[in-house]
Amino acid sequence: MTAEIRSGIVYHDCFGCGEEIDEDEVSWAMPDGRLTVMRGDPYCDSCLPEPQGCEHCGNVDETCVCDGGIGPRIPMEVVK
């Protein structure tokens, strides 16, 4: 990741296309498409990765706690 500060504004290079994006326009995402805040890689709106979801059930919710395809998704209330 490349970042540069000019005139008090931070600019990041998009992880997908390399376009320079100012800090107010950048979107941060993990490689699996989950949007984050200052984690993962910086992206412009055109290059954001598509959410991939759980490899077993396809659930794109980051709280997915499915059992690996053996049965239904376990609600978070049960796990806590």
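Trainee: How many bridges join strand β4 to β6?

Mentor: In general, strands of a sheet pair through backbone hydrogen bonds, either parallel or antiparallel. Here strand β4, residues 27-29, runs antiparallel to β6, and three bridges join the two; pairing requires that DSSP finds at least two bridges between two strands. Strands themselves are DSSP runs of E with at least two residues, helices are runs of H or I with at least four, and both are numbered from the N terminus. Before we go on, please keep in mind that this is a predicted model, in which local features need pLDDT of at least 70 and side-chain atom pairs count only at pLDDT 80 or more, while totals for chains, interfaces and linings use all residues. Residues are numbered from 1 along each chain as its sequence is written, and side-chain values use heavy atoms, with hydrogens and water left out.

Trainee: In what order do the three strands form the open sheet?

Mentor: The order is β5-β4-β6, and the pairing in this open sheet is antiparallel. The edge strands, each of which pairs on one side only, are β5 (35-36) and β6 (41-43).

Trainee: Which residue in β6 is the bridge partner of Ser27, and is Ser27 buried or exposed?

Mentor: Ser27, which is placed in strand β4, has Tyr43 as its bridge partner in β6. To read burial, compare the relative accessible area with two cut-offs: under 20% is buried, over 50% is exposed, and partly exposed lies in between, with a 1.4 Å probe and protein chains only. Ser27 has a relative accessible area of 16%, so Ser27 counts as buried. Leaving aside neighbours within four places in sequence, Ser27 is in contact (heavy atoms within 4.5 Å) with Asp41, Pro42, Tyr43, Asp45 and Leu48.

Trainee: Which residues make up the largest nonpolar core?

Mentor: As a general idea, nonpolar side chains in soluble globular proteins tend to be buried together. A nonpolar core is a set of buried Ala, Val, Leu, Ile, Met, Phe, Trp, Tyr and Cys residues joined through side-chain atoms within 4.5 Å. In this chain the largest such core has seven residues, namely Cys14, Ile21, Val26, Trp28, Ala29, Tyr43 and Cys44.

Trainee: What do β1 and β2 form, and which residue in the turn has a positive phi?

Mentor: β1 and β2 form a hairpin with two residues between them, and Ser7 in the turn has a positive phi of about 55°, although Ser7 is not a glycine. The two strands pair in the antiparallel sense over four bridges, one of the paired positions being Ile5, whose bridge partner in β2 is Val10. Ser7 itself is exposed, with a relative accessible area of 79%.

Trainee: How many residues lie between β2 and β3 in their hairpin?

Mentor: Six residues lie between β2 and β3, and in that turn Gly18 has a positive phi of about 85°. Three bridges join β2 to β3, again in the antiparallel sense, and in β3 the bridge partner of Tyr11 is Asp22.

Trainee: Which residue forms a salt bridge with Arg6, the closest N and O atoms being 2.7 Å apart?

Mentor: A salt bridge is a side-chain nitrogen of Lys or Arg within 4 Å of a carboxyl oxygen of Asp or Glu, and by this rule the count comes to two. Glu20 forms the salt bridge in which the closest N and O atoms are 2.7 Å apart. Glu20 lies in strand β3 (residues 20-22) and Arg6 in strand β1, so this pair ties together parts that are 14 residues apart in sequence. Glu4 and Arg6 meet in a salt bridge as well, at 2.9 Å from N to O, and through shared partners Glu4, Arg6 and Glu20 are joined into one network. Arg6 is partly exposed, with a relative accessible area of 31%, while Glu4 is partly exposed at 39%.

Trainee: How many helices and strands are there in the chain, then?

Mentor: There are one helix and six strands, and along the sequence they follow the pattern β-β-β-β-β-β-α. Of the 80 residues of the chain, 22% count as buried.
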